[in-house]
Amino acid sequence: MNPRTPWQALTRPRFPLGAWPWRVAGYLVSGALVGAVAAAGLLVLGVFSLLLVGLPPLLLSGIALGRVERRRLGIVDLDPAPDPHRVPAAPGLAAWFRTRTKEQATWRELAYALLLATVLWPLDLLALAVGVGLPAALLGAPFQLAVDGREAKVVKAYLVTSYPEALVAALLGAVLLLALAYPLAAVAGARAALARALLTPREGGGPDGIGEVIASRARLVDAFEAERRRIERDLHDGAQQRLVALTMTLGLARLDAPPGGPLAEQLAKAHAEAGQVLTELRELIHGIHPQVLADYGLGPALADAADRSAVPVDTDAEGLPRLPRAVESAAYFAGREALANIGKHSGARRARITARHRDGVLRLDVEDDGRGGADPAGGSGLTGLADRIAVLDGTLTIMSPPGGPTLLRVEIPCPAPTASSASSSPRTASSSARD
């Protein structure tokens, strides 16, 4: 998946050559400008507040600055930054003022405004001076020497009197520009993380907050899984059994029909068609919710999916305990979708599935030796799975450089099973083989 913050971008090998260094520089430059303006504005409001005239604007100045900073955060943080403020219960300026003064978000924004005006923007300037200004001064040594004609004093300390020395200084500047892009991105990532922590809603902040949204999404996933199992059960016990009876009836009718006649031929076609429909229905039922997953857990279900794959797959998922149903289902369908994509798009000769549960986290890795270049935004079906995994506080990561190999990694936090649940035996194989 594409990086969404500077810290994630730092792990990419082509980071210095991409757009992220420009994003980082733009964020820090705009932060210095906004901070300088905020410092001047707060100073003026502070003077007027001595006369009690500027006190309300001073207290609420953080709201306006918070709105600007949330928009500016999009330069280096691609995740949305929602407004943390509630809608006033009544119209009018008085109701709005009462609501804002009672909100923690208002005071967090004021604290951020004071921090930006006094500390953060000078730090932005310092980081830019070291990470961009110093390499730029070294890179400009040949131009300074050409303008002066005799000598150039680089960074007020290094005297250059010849073009070879100037070229060495420029080369050093280019190396420093690439090397200092990494700490500069780390600084911008820390600034963005601080802004997000102070200026966006807190999780679990009341029934109208994000915590309730996450809880409702989890309930929807549970309801979806229950409905999926109900559909699978109805198809198995209803339509499939009727098709089995129809197939047997057609087979008996073929035995009673005169051989070689048109009736026998039509019955044979109908019998074959019914058998094909029964096979497709069984595959559909297996895709909705495979019974091996419900009866034996994620490890055997992944082995079953590997056996059905068009590409040979090595499976290493032994020793997995029984996990919550939603976790097992999300991991299984992510693995199955990955195998389907490998068979359709990768050109791989072999794939491998590895699943482990350690330290309260389920990790599922699907690797292949294909051509690489996988893009989740290209309609592969993994975007919906990533959303489904995100509901469980999990992550789906794809590392697929051009030329391969490709690694899809699913990580879902889930508690370790208790001793009683680990020792409980699954249902028998006879109950699962309901075909």
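Apart from neighbours within four places in sequence, R350 is in contact (heavy atoms within 4.5 Å) with V311, P312, D314, E367, D368 and D369. The model is predicted, so local features need pLDDT of at least 70 and side-chain atom pairs count only at pLDDT 80 or more, while totals for chains, interfaces and linings use all residues. Residues are numbered from 1 along each chain as its sequence is written, and side-chain values use heavy atoms, with hydrogens and water left out.

- R350 lies in the loop between α13 (325–346) and β4 (351–358); helices (H or I, at least four residues) and strands (E, at least two) are DSSP runs, numbered from the N terminus.
- R350 counts as partly exposed because its relative accessibility is 40%, the class between buried (under 20%) and exposed (over 50%), with a 1.4 Å probe and protein chains only.

**Helices α5 and α7**
- The axes of α5 (residues 104–139) and α7 (residues 163–179) come within 7 Å and cross at roughly 155 degrees; axes are lines fitted to C-alpha atoms over the stretch in contact, and angles run from 0 to 180 degrees between N-to-C directions.
- The two helices, α5 and α7, are therefore roughly antiparallel, a term for angles over 145 degrees.

**Confidence**
- The chain averages a pLDDT (the predictor's confidence in each residue, from 0 to 100) of 78, and 78% of the residues score at least 70.
- Over residues 419–435 the pLDDT is below 50, and this stretch has 23 contacts beyond near neighbours in sequence.

How values were computed:
Parallel < 35°, antiparallel > 145°, perpendicular 65-115°, else oblique.
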